[in-house]
Amino acid sequence: MPRRRKTESKDLGYGSAADAILDAVGGALAMQGPAAVNVGEICSQLGVSPSLVNYHFGSRERLMALAVVREAERLVEDMAAITYKTWDSPEAQLIARIKFRMEWTQNHPGIDSMMNYSHIIDPVGDILQGELEARITAFTLADSIGLHTSVYGMYLGRALERPAHELGLDDVPELIDITGFLALGCIGLATWMTGQHPASRALGFERPDTMLFLADSSIERLVRTVRTEVEQIRERRARQYGKV
């Protein structure tokens, strides 16, 4: 089960206070969302001055946005560690990645909500679509590359331990469309099937076994759909070019 990384907060130095505050805010946001972020209480628990929040972050909104982005970056790093290891098949690689994403969502519903509904903490969009846009673009791209690794592996019939472009493999443009479909499917599946979407929350509380069954069957169906489409591309390209 995904666990949050924490920074030790004893005897905080001036510089380490920023990391400790971000960790504490990320923890509060993870399960309860923005309403749980009481800057004064967090600083009191850490033994640091609230003035450091203004010094390091400028505003409560920017502090929360930075915490959300850092948690998202950590998620993508953890999924990359899962993806780029030895797997018997690209399907097993992909399933492990999806299941980790779902477990993370279950343990970080507040972060997940703010990633999908960013106006909650950044109504105008100046922070997430301005200052932090490059970081968001970077981890979104890294996430897509991780998914594309499994898609390309299905195309080749073997699991890859590194991204296709790092292995010098030729571009297969048709696979990019499948990766995009898969990315949307994984996000929606994680949010919906872990009961973090308003429409699925009641079902998750009342019938958790049903939700678990639906989640497992949905993962299988998603992977099966991707595998079928990849095989069709491989067969079509084999007819056109005489090779994969």
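1. Which residue forms a salt bridge with Glu73? In this predicted model the partner is Arg135, and the closest N and O atoms of the two are 2.8 Å apart; a salt bridge here is a side-chain nitrogen of Lys or Arg within 4 Å of a carboxyl oxygen of Asp or Glu. The pair links distant parts of the chain, since Arg135 belongs to helix 8 (residues 133-156) and Glu73 to helix 4, 62 residues apart. Helices are DSSP runs of H or I with at least four residues, numbered from the N terminus.

2. Before going further, please note that residues are numbered from 1 along each chain as its sequence is written. As the model is predicted, local features need pLDDT of at least 70 and side-chain atom pairs count only at pLDDT 80 or more, while totals for chains, interfaces and linings use all residues, and side-chain values use heavy atoms, with hydrogens and water left out.

3. By the rule given above, the count comes to 11 salt bridges. One of them joins Asp23 to Arg74, with the closest N and O atoms 3.1 Å apart. Asp23 lies in helix 1 (residues 16-32) and Arg74 in helix 4 (residues 60-83), so this pair ties together parts that are 51 residues apart in sequence. Both Asp23 and Arg74 are buried, where buried means under 20% relative accessible area, exposed over 50%, and partly exposed in between, with a 1.4 Å probe and protein chains only.

4. A further salt bridge is formed by Glu174 and Arg237, whose closest N and O atoms are 3.5 Å apart. Glu174 lies in helix 9 (residues 173-193) and Arg237 in helix 11 (residues 208-241), so the pair ties together parts that are 63 residues apart in sequence. Glu174 is partly exposed, with a relative accessible area of 24%, whereas Arg237 is buried, at 14%.

5. Helix 5 (residues 90-107) also deserves a look. Its 18 residues, at 1.5 Å a residue, should span 26 Å, and its end C-alpha atoms are 26 Å apart, which agrees; the expected span is 1.5 Å times one less than the number of residues. Among the buried residues of helix 5 are Leu94, Arg97, Ile98, Phe100, Arg101 and Trp104.

Conventions:
Helix = DSSP H or I, 4+ residues; strand = E, 2+ residues; numbered from the N terminus.
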